[in-house]
4 protein chains.
Amino acid sequence: MDYKEILEGIFEEVKKSAPSGNAASYIPELATVDPDHYGITLLTVDGREHNLGDAGIKFSIQSISKVFSLSYAVSLLGEKVFERVGVEPSGNSFNSIMQLEYEKGIPRNPFINAGALVIADILVTHLKNPETDFLEFVRAISGSPDIISNEKVYLSEKQTGYRNAALINMMKSYGNIYNDIDAVLSFYYMQCSLEMSCRQLAQAFLPYAKLAVPFDYSGVKLTKSQLKRINALMLSNGFYDESGEFAFEVGLPGKSGVGGGIAALHPNHYSVAVWSPRINEKGNSVFGMRTLEMLTTRTEDSIF
Amino acid sequence: MDYKEILEGIFEEVKKSAPSGNAASYIPELATVDPDHYGITLLTVDGREHNLGDAGIKFSIQSISKVFSLSYAVSLLGEKVFERVGVEPSGNSFNSIMQLEYEKGIPRNPFINAGALVIADILVTHLKNPETDFLEFVRAISGSPDIISNEKVYLSEKQTGYRNAALINMMKSYGNIYNDIDAVLSFYYMQCSLEMSCRQLAQAFLPYAKLAVPFDYSGVKLTKSQLKRINALMLSNGFYDESGEFAFEVGLPGKSGVGGGIAALHPNHYSVAVWSPRINEKGNSVFGMRTLEMLTTRTEDSIF
Amino acid sequence: MDYKEILEGIFEEVKKSAPSGNAASYIPELATVDPDHYGITLLTVDGREHNLGDAGIKFSIQSISKVFSLSYAVSLLGEKVFERVGVEPSGNSFNSIMQLEYEKGIPRNPFINAGALVIADILVTHLKNPETDFLEFVRAISGSPDIISNEKVYLSEKQTGYRNAALINMMKSYGNIYNDIDAVLSFYYMQCSLEMSCRQLAQAFLPYAKLAVPFDYSGVKLTKSQLKRINALMLSNGFYDESGEFAFEVGLPGKSGVGGGIAALHPNHYSVAVWSPRINEKGNSVFGMRTLEMLTTRTEDSIF
Amino acid sequence: MDYKEILEGIFEEVKKSAPSGNAASYIPELATVDPDHYGITLLTVDGREHNLGDAGIKFSIQSISKVFSLSYAVSLLGEKVFERVGVEPSGNSFNSIMQLEYEKGIPRNPFINAGALVIADILVTHLKNPETDFLEFVRAISGSPDIISNEKVYLSEKQTGYRNAALINMMKSYGNIYNDIDAVLSFYYMQCSLEMSCRQLAQAFLPYAKLAVPFDYSGVKLTKSQLKRINALMLSNGFYDESGEFAFEVGLPGKSGVGGGIAALHPNHYSVAVWSPRINEKGNSVFGMRTLEMLTTRTEDSIF
């Protein structure tokens, strides 16, 4: 498949299309980004690389980091992870608290905020140096030793994260958070405020597309079966209450972040990362969704 | 891949495993079935066929019929179908009414009961002879002119279907049902009480695995893109609030029915149907789930 | 207390105040009423009577009838009534179905629609001639043998009552409706479509204000304790999800109907009925609420 | 009415009746109380006083304090209080968070925890020395300068109050908390951990029964109309999701606390306080409810 030509066509067309949405405003620091950035990287499992636009500029990966933290937790605990967090779609927005009360503190899946906080709690419990160990894993899997967390974004999230504080206190009241709340929130905001470029993200998602074993990055090891299951979770839950829409329109496992990034993959074919800061009311990048929908339409190739 | 040997191994092992669950009791007629039936059919896209156990015995397909009715509606109206029913997982059980009120009469997806009733309403509006036209399509796609609806099951559902009556009246109050309620319910119970064997079901799902176009059965035409989207809907929503679990453990698009049947498919590889009447509290066949989980584990091959 | 002068002052002031709201439109026949009617009747327990404006014109009492049907059910079954319906406020609109699912078919109280349908089911079970027996009770307690149900309103409700059909089917699915659904709905629509004037309603509510025993109308007998409890239920639940507001602003037990009527009472002091068809979005008469709020403010006398 | 004899009869009978429930355990310090305490004080508006059992022993008043904090807020802001908190029953347990999300951070009423936190936020904003000003008011209205907060209970609540932290963070995310979260929680836990005896509580509630104006305690002034409205709020919402039951069975405005205390009043007749630490699953004192139900049954006198 000649992805290069297809991607160039999509890039030009999307770039010219009417912008909609705005950069995330609920984290003040994210609102300072130029909303008209747009970049794409696609890496094939057989080694081709295509970069377009702002593919090399770093941005706040936000919830895309949940794929890395889940991977780390699964490598540590295996199936036991899913005793504290489910695998079902939530049918609600990414920070809803209703279902959490209904289901007594067990989040529906690891990609909604509540679930990611449980995963963060697991890492805080089991890692010797949670923040640096996690950072080493992300650097290793993306092959980029220069990845760091953005201090301003980190503080901005911490100062305004009342909804996350509500979620974690709720779960603590049900006994599903083991560590000190501030320690877990601190770790969580650190992982969310990591900055990566499309190239680095596509690189980091390539192993999920390759399903190659041994998967071993900085000591984080996953089996083929575990990789497939993480891919399945991305497909079912990677886009909050737009996950069904993404599966329906795009048909690839992926994960979005409110920083405007989306990383996705076609097993055995390619990984792809898109970035454009304007997000819709569901929290997903407008150009990002459009780009990936056109990609699987024009290649006539999704996982289905 | 030598599916024959793998399937035989699974069949023997599952057959010997501890049974759990019971045949569906909320439709009295379904409770009269011998709960210990167990059959499998797998058809590969290149023409191989494997039948095990009770693969040739007909059973009540129940909600598996929703794949056929959705296909018919999409062939008639295309994208417009999704103005009246969503594509997102519901996060609730198959007959929940809460979300319907919250979302003002628009069902979350076409595979929960409320959504299937909207699809039935569409068919009642647009087909000249809804029941016979639908039946002809199912006969054509399965290559079995002898498929009929079971009158006793039909009446049993009609007499006890208070929950479905609640759902459809609710939607009618929101203006999302256009026809007479009894006419729509009658059509819906007819489609649910169709009887098919594993062989017939696997045959009927083979075109969704083949993604072959032209798809044209008794005048019902779908494009490749539409087939892929129906497959995506099955993956996200085919197993009610166990859909995430199925994607996670099995990794195939599929649809279950409370009659104990499950039909699933691996795009470009095979279609598969399993039947065993004992269902779990989520309404999915216990042996059926076990069988398919073992299948993708042993073949090390799912869509992810 | 000189109610006459106070009422005349209120009547003139409210009549001149800006109208808001509209006559109920969800029952088409109710929308045909002149929305600018306005009448008041106040009857003191010591025999004084004050009528203002359209106090003698009959209107559709709608949900006010739920006080009469509850009274009848309590006279028949006593405390047992409350095994099938609760006494707690619902916190939701009068025809919400969510809580019904959450609480497995047991309505929160007898004054929301679901609860009144259970009460109707009780009367259909226990009365020899449900409709005429009920009518005789209402005629006896109001001292008006000419009260009848409006056939057009009855049919209008029946034809458009999808929400009520949803509620009753839901409860039937949980086993909390014993009779044929159509028989119960028919009885319910009959009771709702009774027509009474303010004078007749105030007369019918006077025994609840007098708390006089023996209470015995057409064989319907209540103890003093039962009367007080019905009054308590009116205060907690008589105005749907505006019940707290009514207790807070007015401070009297009462019951409203979407026909624009409100009947209320001050134990040991008076009964009062107001009618004005324009209702707010909660289903309560705008002028009716205003009138009663001014009444207890100016008399400086509520139950609190 | 000879309350003395009636109360003595009730006291003996209840004391001998089978105990049920346990002292609240979710605040560890409360669980250390002897669960078999039982005391009653009734004060008539004309000056009679009746004490039984442990009427003079102090206990943790917990949520009963919400009546005092609401009174203070109303004296400061009048009607404006109800722009940030509603007056409707919640239909949920006292610390539910669901409705808060559904209603965008506006608590249903000032007596559920979320509402009391908003009231605390108001006091923290408007009082020069929130904690001491509040304490002075409670001391003044109860005529007891020795009332203090229990430090151990205060710390116990603070250390385990994850649910309250969830509620207040949730409201902060909706902009309905103006002050620092820790400052508001600190004030709230102080008010909840006040210790008073039945005698002191009955004294503090007597002004609400007397409806006497001027109401002026330590500068906290309320009009007669405001007192009546606070009484109305107690009736509708004083017992969480057992408020309807209390109105139905007892028929008095009142407020309970998980320390096992209940304070109630009969306007123009008496105030009454009961204490017995064993609470039911709704958080209300079992003996307390029983006592008050018998009181209004035997006196044949409630507000209805």
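Visitor: Does Ser285(C) count as buried or exposed, and at what relative accessibility?

Guide: The model is a predicted one, in which local features need pLDDT of at least 70 and side-chain atom pairs count only at pLDDT 80 or more, while totals for chains, interfaces and linings use all residues. Residues are numbered from 1 along each chain as its sequence is written, chains are lettered from A and ligands numbered from 1 in the order in which they are written, and side-chain values use heavy atoms, with hydrogens and water left out. A residue is called buried under 20% relative accessible area, exposed over 50% and partly exposed in between, with a 1.4 Å probe and protein chains only. Ser285(C) has 0% relative accessibility and therefore counts as buried.

Visitor: Where is Ser285(C) found, and with which residues is Ser285(C) in contact, leaving aside its neighbours within four places in sequence?

Guide: Helices (H or I, at least four residues) and strands (E, at least two) are DSSP runs numbered from the N terminus, and Ser285(C) is in the loop between β9 (270–275) and α12 (286–298) of chain C. Contact means heavy atoms within 4.5 Å; once neighbours within four places in sequence are set aside, Ser285(C) touches Gly260(C), Ile262(C), Ser276(C), Arg278(C) and Ile279(C).

Visitor: Which backbone atoms lie by a polar atom of the side chain of Ser285(C)?

Guide: A polar contact is a pair of N or O atoms within 3.5 Å; within protein, one must be able to donate a hydrogen and the other to accept it, and residues adjacent in sequence count only if both atoms are side-chain atoms. For the side chain of Ser285(C), a polar atom lies 2.8 Å from the backbone oxygen of Ser276(C), and a polar atom lies 3.0 Å from the backbone nitrogen of Gly288(C).

Visitor: Turning to the interfaces, what is the area buried between chain A and chain B?

Guide: The size of an interface is often given as the accessible area lost when the parts come together. Here buried area is the accessible area (1.4 Å probe) that two parts lose on being put together, summed over both, and for chain A and chain B this is about 2800 Å², with carbon and sulfur atoms giving 56%. On the side of chain A, Arg229(A), Phe248(A) and Phe304(A) lose the most area to chain B, together 29% of what that side buries. In residue terms, 34 residues of chain A are in contact with 34 residues of chain B.

Visitor: How many salt bridges and polar contacts does the rule find across the interface of chain A and chain B?

Guide: A salt bridge is a side-chain nitrogen of Lys or Arg within 4 Å of a carboxyl oxygen of Asp or Glu, and the rule finds two salt bridges between chain A and chain B. Glu249(B) forms a salt bridge with Arg229(A), their closest N and O atoms being 2.8 Å apart. On the side of chain A that touches chain B, α3 (98–102), α10 (224–237) and α11 (243–249) of chain A each supply at least two residues, and α10(A) gives the largest share, eight residues.

Visitor: How are chain A and chain B related?

Guide: Two copies of a chain are related by a rotation about an axis and a shift along it. Copies are superposed by least squares on the C-alpha atoms of residues with pLDDT of at least 70 in both; a rotation of 180° with 0.0 Å of shift along its axis superposes chain A on chain B, with an RMSD of 0.0 Å. The two copies are thus related as by a two-fold rotation axis. Of the interface residues of chain A, 97% are also interface residues in chain B, so the copies meet through the same surface.

Visitor: What does the contact between chain A and chain D take from each chain, and what area is buried there?

Guide: That contact takes 16 residues from chain A and 16 residues from chain D, and the buried area is about 1400 Å², of which carbon and sulfur atoms give 64%. Met98(A), Glu101(A) and Tyr162(A) supply 39% of the area that chain A buries against chain D, more than any other three residues. Across this interface the rule finds two salt bridges, and Arg163(A) forms a salt bridge with Glu101(D), the closest N and O atoms being 2.9 Å apart.
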